[in-house]
Every structure is written in structure tokens, then in C-alpha cells.
Amino acid sequence: MKSILTPLGPKADKDTVRRHNLSLVLRAVRDEGERGEATRAGVAGRVGLTRAAVSSLVEQLMDSGFLTESGKTFSGQAGRPGTALKVARTGPAGLGVEINVDYVSVCVVDLAGTGRVRQTEHLDNRGASAAEVLARAARLAARTLESASEQELRPVGATLALPGLVSGGSVRQAPNLGWNEVPAQQLFAEALAALRPGRPVLPVASENEANLAALAELWFGGLGEVRSFLYLTGEIGVGGALVLNGELLRGAHGFAGEIGHVVVDPAGPECRCGSRGCLEQYAGQSALLRTAGIDGGGGASGVLELERRAAAGDPRAVAAVGGAGRMLGRVLSGAVNLIDPDAVVLGGIYRGLMPWLSPPAAEELTGRVVSGLWSAADGRLRASSVAGDAARGAAALVVQDVLDDPVAYAEPVGTSGE
């Protein structure tokens, strides 16, 4: 049989190896800092490089503004005390912009993954054109960038978190916004550049908002050792994302996770996507509020009112949330049977509704998951953490790029950022 040879890439030169090692050291300092204090010796042991090599790399990262050092740290072992290393609280950062049906939220995250600036505007985006909504988001982002500059942070890129099917910088379809084939990335980038004349153009990327919320949960949430999970976010619609072994599953075309448009009842209510009886027609925010008898179009105030009534034992509110939980459980059981995740995480409006939503959902999962490994008491159906939101995940995605290749994001000599 004739063998097939895979073409090999070019041999790594010294510069390529050093750039790789700079990334290793920067990531090691960040990770060690989450658990305590990082030292040159500790980093050398973690990444498998000599102490001398790590010291050289640390000096370069400090000169470029990625690391700082503080007082001595004592390990309890013989030898001289080391100097504590930390990722810098100033310098390169990421900007995340979440556009949803009834709000826009913008977040700046530093190299440590800490959210440093947050601005949110609550408004109904369904009555405005896509260009107008993206211009609103750009204005909020511009104000956020100014606040970041005051903290000596320098966002080096932005990621848009968008509802619906996102591919190649465009929203192919966002039924709840009424968007079809919208070049969102381009429109936002142009609007932001126009608001910041004379400033460097900020690179912009885009991703589905549920995917980014799931990544935020993975990186910042309380999942512990869980690395494979299904994430659902309840908003006006119902978004979903799948993380397997710590990696986001996007699918062949980037559209994986659209669980809100799984059909529960073909004869059910008409959905904005054009189908009937989709899950979000039973478990989306609008459906929940309508079934609970809460008027006024919903929004954050409507969800809070639903929580208040459910907590007070209002029969209609409890029944509405419980019914949504049952529908969620039925759809989730099919997904669990298909992909076998360690956990299912419910975010967005579902987080506050878990006391009434979770029992019927868990009951459906227990009865329908064929492995028999799911039970109402095993904790595998859980609420998301408060850290798991799409704007933070979007900003952190930019930071991941910086950590992958810090040299590419070093501030040129003689510049001062914003």
C-alpha cells in the first residue's frame, strides 16, 4: 500500500522557540498566581526549562509590560527566597461586547482574567436596524475604552458576542433580532473607528454569545474538574454551547449548540425561526413571562418579578417555571444521551429560577437518560456561576491570543497606548 506523507512545516528557528517559551512562562505565572505566588524557580519546574532560561524570559516579559515582581516569597525550603511574579494589572487587555435582544454589555478583562471595566445598557434592540444597534454598541465600547485607558489598560482587540448563527464575521440568522446576513463585525469595527479618530484601529472578531458564555464558565466558573459540559443560556431565546474535554465544539460550520430551536412539538406555537414548537417557545424569557401572566414585555424587571412571584408561591408563576423546566429536561435528556457530558449548566435567566426550574428538569433527565447515571441529587444539573457571562468570555478570548504570543502584542517602544 502506498503511504501518504503529510507535508511538514518549516523547522522552528530560535525566534519561534523563544516566542513559544515566552508564552509558556507567561501562562505559568498567571496559573501559579491563581493558586498562590509564582517564582522563577516554580515556573522553571512547571514548564521544564532551566532557571537561567526562565529568568531571561521573565526579564523580557517584564520589560514588555506583561509581568511585574514584588517582595520576597519563602517556600519553606533551603536556599535564597524568590521574588514573587505576577501578570501585570496594566497594559494589554481584551474588550468583549455582548449584543442581545434587550441589552448591550461591554467588558474589559486584564491578563489575569479579571474583569476591570463593565458598562451595560438595557434597551430593546428589536425595533432598531442592525446598523443602529451596532452603532449603539460601538458608542458604549468607546466609553468603556476610555475608562480602561484611565486604568492604564490597553485593549488590543475586541470580540463581539452575538445571538444566532455567526460565521465569517456575519450573523447569518438571529431570529429574535430579525437579523439576516448582517456583516456585524464590519459594521461595528467601522462605527468604533469613526468614534476614535487618530487612534489605532482595534481588531474585531465575533462569536456566538452562548459559546462565549460557556468559555467564561470554563475559565472562570466553579466547574472544578468538569471539562465536558452542555451550557444553556436563557434570554429572550435559548442558546446553547458544548464544551468537550476543555474545547469548544463549534461544528462543521460553526453553528453547533442551537438547542433553542430543537422542536418540542411540531404543532406548537410558531417560532421566529420559521418552525413551530421550538424549545424557546416554552422555555424562553418571553414564553415564561407570558405563561406566568406578567405583562410589560419582560426585560430584566420582568424576570425579577417572575422570581419574586415564584418565591412567594404564586401558583401561576411556579407552574410557568416548572413547565419550562420539564420542557428543558426533555430536550436536555436527548442531548445528554447523544454526547454524554459530565454536567449541564444553566445560565442567563435560568440561574435565578433554579429553585423551581431544576426539580422538574432533573426529574425528566433522571427518567430519560438511558445510562442511568443521572439523578436529581447528583449535582450534574447546576446553575452557572456569576462569572460566566458572554461579554467576559468575549474579552477573555482576546486575552488568550495575547497569552499565546505575547511578542505580537508588546507595545512598540516610544508609544504610550491610548
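## Glu152

Glu152 counts as exposed, at 58% relative accessibility, because the class begins over 50%. This is a value from a predicted model. Glu152 sits in the loop that links α4 (130-150) to β6 (153-162).

The backbone of Glu152 has a phi near 60°, which is positive in a residue other than glycine. Most residues other than glycine have a negative phi.

## Glu181

A positive phi is also found at Glu181, about 50°, and Glu181 is not a glycine. Glu181 belongs to strand β9, which covers residues 179-182. With a relative accessible area of 52%, Glu181 is exposed.

## Packing of α1 and α3

Two packed helices are described by the angle between their axes and the distance between the axes. For helix α1 (residues 14-35) and helix α3 (residues 51-63), the axes come within 10 Å and the crossing angle is roughly 80°. Helix α1 is therefore roughly perpendicular to α3, because angles of 65 to 115 degrees fall in that class.

On the α1 side, the contact is made by Arg18, Asn21, Leu22, Val25 and Leu26. On the α3 side, Ser56, Leu57, Val58, Gln60 and Leu61 take part. Sorted by class, the contact of α1 with α3 has six nonpolar, three polar and one charged residues.

Notes
Residues are numbered from 1 along each chain as its sequence is written. This is a predicted model: local features need pLDDT of at least 70, side-chain atom pairs count only at pLDDT 80 or more; totals for chains, interfaces and linings use all residues. Side-chain values use heavy atoms; hydrogens and water are left out. Helices (H or I, at least four residues) and strands (E, at least two) are DSSP runs, numbered from the N terminus. Buried means under 20% relative accessible area, exposed over 50%, partly exposed in between (1.4 Å probe, protein chains only). Axes are lines fitted to C-alpha atoms, for helices over the stretch in contact, and angles run from 0 to 180 degrees between N-to-C directions. Angles under 35 degrees count as roughly parallel, over 145 as roughly antiparallel, 65 to 115 as roughly perpendicular and the rest as oblique. Contact means heavy atoms within 4.5 Å. Ala, Val, Leu, Ile, Met, Phe, Trp, Tyr, Cys and Pro count as nonpolar, Asp, Glu, Lys and Arg as charged, and the others, Gly among them, as polar.
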